[in-house]
Amino acid sequence: MGKVVVEIVALVLAVLARDGWSGDAATPLFAWPPPHRGLDWLQILPLVAALPAATIALVGLVRGRLVPAAATAGIVLLPIAAYGLGALLLIEDSKSVRFCGSCHIMTPIAASLSADGDSLATTHYRRGLVSHEEACFVCHSGYGIWGTLDAKMAGVRHMLRTVANDYTFPIQHRGPFDIDSCLNCHARSATFRAVVAHQDPDTQQALVKREMSCTGVCHSAGHPEDALKGPA
Amino acid sequence: MIRLACLLVLIAVAIAVNMAIHPTGPNAILFSFVGVPALGAGLLVFGIRRWRDGAFSSNRSST
């Protein structure tokens, strides 16, 4: 009986995790990358720990007692594993544009990426200069591991501010924009280096010292003003 | 007391399952600010119960 249950669970998980090509048959070239169907393995792993924990906790709730070994597994080990794996999922999935756009404050900004306009974000997104899956993270995470860490800390602050309702429209970037994100791609570009304004020593010093930023001075704003005003 | 621990853990695990299936911003907020405290409280209640049962002393009894 137990073996049958394990086989059924394995089959369900395999179906949920399956990858598949379901691109647009008319324009398959433009449907790249193929949309992911079912659940990702990072989503399944927390479930693998959480579902047995939920079963044990439910039995404990109904019966009012548990065998010590089952209680330790179902109330301590498996839930902690589920939350650890869930945190990994969050760290990875919070890089996606879909995740950023799922909060109502950010929804108009995420939507503006693919809309008409000349903001820097829209230009980069529509020309395919940044990953369509992780566009927000690419530009807002800074450079290297510390940039990633800063972005995650900023994400936690965003969640706290959302919970506390501590935000105002229009949304403003906290501090000057980290131009390392720009330089990471542009600094070695021949076209970037050929621009006379970029060769000016004073401008270079001001940029390196973070006294000025790329956006809002020489280049257009990062996002359209309407999108920063929040949902209509 | 074991029922309270199970209830808190069940709430926490339900939130984790919801977040795993639908990883969105609102669910991440729920996961971080409701689920984690619920799990912590459940573990605390369970730990107190086990401690009162003498699980951490040399004379152990069942849960």
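## Confidence

The predictor assigns the complex an ipTM of 0.87 and a pTM of 0.77. For chain A the average pLDDT is 83, and 86% of the residues score at least 70. Chain B averages 89, with 92% of its residues at 70 or above.

Within chain A, helix α3 (residues 68–93) has the highest confidence, at a mean of 93, while helix α1 (residues 2–16) has the lowest, at 61. In residues 19–23 of chain A the pLDDT falls below 50, although this stretch still has ten contacts in the model beyond near neighbours in sequence. Where pLDDT is low, the predicted coordinates should not be read in detail.

## Chain A as a whole

Chain A has 13 helices and zero strands. Of its 232 residues, 22% count as buried.

Contacts can also be sorted by how far apart the two residues are in sequence. Taking the contacts in chain A between residues at least 6 apart, 55% join residues at least 24 apart.

## Helices α2 and α3 of chain A

Helix α2 of chain A covers residues 41–63, and its axis comes within 8 Å of the axis of α3(A). The two axes cross at roughly 155 degrees. An angle over 145 degrees counts as roughly antiparallel, and α2(A) and α3(A) are therefore roughly antiparallel to each other.

The crossing of α2(A) past α3(A) is left-handed. By class, their contact has 20 nonpolar, four polar and one charged residues.

## Where the chains meet

On the side of chain B, 31 residues are in contact with 31 residues of chain A. The elements of chain B that give two or more residues to this side are α1 (2–21) and α2 (25–52). Its largest share, 15 residues, comes from α1(B). The side of chain B that touches chain A has 24 nonpolar, six polar and one charged residues.

Helix α3(A) also takes part in a pairing across the two chains: its axis and that of α1(B) come within 10 Å and cross at roughly 25 degrees. Angles under 35 degrees count as roughly parallel, and α3(A) and α1(B) are therefore roughly parallel to each other. Here too the crossing is left-handed. Among the residues that meet are A:I75, A:P79 and A:Y83 in α3(A), and B:A5, B:V9 and B:M19 in α1(B). The contact of these two helices has 13 nonpolar, one polar and no charged residues.

## Exposed parts of chain A

Residue A:F169 is placed in the loop between α8 (144–163) and α9 (180–186) of chain A. Is A:F169 buried or exposed? A residue with 12 or fewer C-beta neighbours within 10 Å is exposed; A:F169 has 10 inside that distance, so A:F169 counts as exposed. Leaving aside neighbours within four places in sequence, A:F169 is in contact with A:K229 and A:G230. The C-alpha atom of A:F169 is separated by 26 Å from that of A:L90, which is 79 residues away along the chain.

Helix α12 of chain A (residues 201–208) has eight residues, and the number buried is zero, so this helix lies largely in the open. Just after α12(A), A:R210 takes a positive phi of about 65 degrees.

Terms used: Residues numbered from 1 in each chain as written. Chains lettered and ligands numbered in written order. Predicted model: local features only at pLDDT ≥ 70, side-chain atom pairs only at ≥ 80, totals over all residues. Helix = DSSP H or I, 4+ residues; strand = E, 2+ residues; numbered from the N terminus. Buried ≥ 20, exposed ≤ 12 C-beta atoms within 10 Å, placed from the backbone. Contact = placed C-beta atoms within 7 Å. Nonpolar A, V, L, I, M, F, W, Y, C, P; charged D, E, K, R; others polar. pLDDT = per-residue confidence, 0-100. Axes fitted to C-alpha atoms, helices over the stretch in contact; angles between N-to-C directions. Parallel < 35°, antiparallel > 145°, perpendicular 65-115°, else oblique. Left-handed = near helix turned anticlockwise from the far one by under 90°.
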